[in-house]
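User: Please examine the structure shown here and answer some questions about it.

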Amino acid sequence: MRILILALALFFAPLSAPALAATHPVETAYDSGDVDGAVALAREGAAAGDAVSAEWLGRFYEDGVGVVQDYAQAAVYFRSAAESGRNLARWRVGVLIDEGKIEGTLQDAVALFQAGADDGYLDCIVSLAVMQATGRGTPVDYEASMTNYMRAAQAGSEHGIQGVGILHALGQGVPRDMVEAMAWFSVAGFQGSEPGRANAARVLESLDDAQMKTAAARAEAIMDELGIE
């Protein structure tokens, strides 16, 4: 029965957004729909040295929410929050550097991802794995990439699960295995990963019925291994 549920969820289940606990005044204002009030509170808090407020203000500038989109300004506030150990800020600075939207080297981005990964921040773990697999800002290291993707996957990250599938699909650090890749992509899609669903749909075209049954059984096993209900 769960194989059928997995197949249906892969192609038809809606994506879900992660729930955030509203514990900070900026977040409370934002969640209530008071964007202007949230921006004002973020400015006030950031000026007073509050790292969480600075991180929120960075997010507002990056996304153009309540302010004119400005990556340079976003970086100013993200960097301030990152210096206080805020992992989302570390991750966003690293991503903006990697995307060429702000100044900085790829080595800087990797260092930020590594710092967040050392704290167990999932987005940083996944981004570090990406950099290790592609050799951006650090030597190519498929073994380290797999370790980090698996670490994220075991913590429930659909991005980590998707990453494991990519390494199997490309034969990076492991033998190329499209059945194994299909299994991981299917689980990622079940967990809400749109890229996982898209990759599974592409791989599906290359597998015969026997391979699909093997992939489905393997997906069941992966879900059990990761504790996915």
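This is a predicted model: local features need pLDDT of at least 70, side-chain atom pairs count only at pLDDT 80 or more; totals for chains, interfaces and linings use all residues.

Analyst: Residues are numbered from 1 along each chain as its sequence is written, and side-chain values use heavy atoms, with hydrogens and water left out.

User: Is Trp184 buried or exposed?

Analyst: Trp184 belongs to helix 11, residues 178-190; helices are DSSP runs of H or I with at least four residues, numbered from the N terminus. Buried means under 20% relative accessible area, exposed over 50% and partly exposed in between, using a 1.4 Å probe and protein chains only. Because its relative accessible area is 3%, Trp184 is buried.

User: How far apart in space are Trp184 and Val164, C-alpha to C-alpha?

Analyst: Beyond its neighbours within four places in sequence, Trp184 has contacts (heavy atoms within 4.5 Å) that include Val164, His168 and Arg218. Trp184 and Val164 are separated by 20 residues in sequence, and their C-alpha distance is 6.8 Å.

User: How are helix 11 and helix 13 oriented to each other?

Analyst: The axes, lines fitted to C-alpha atoms over the stretch in contact, have angles from 0 to 180 degrees between N-to-C directions. Those of helix 11 and helix 13 (residues 209-226) come within 8 Å and cross at roughly 55 degrees. Angles under 35 degrees count as roughly parallel, over 145 as roughly antiparallel, 65 to 115 as roughly perpendicular and the rest as oblique. The two helices, helix 11 and helix 13, are therefore oblique.
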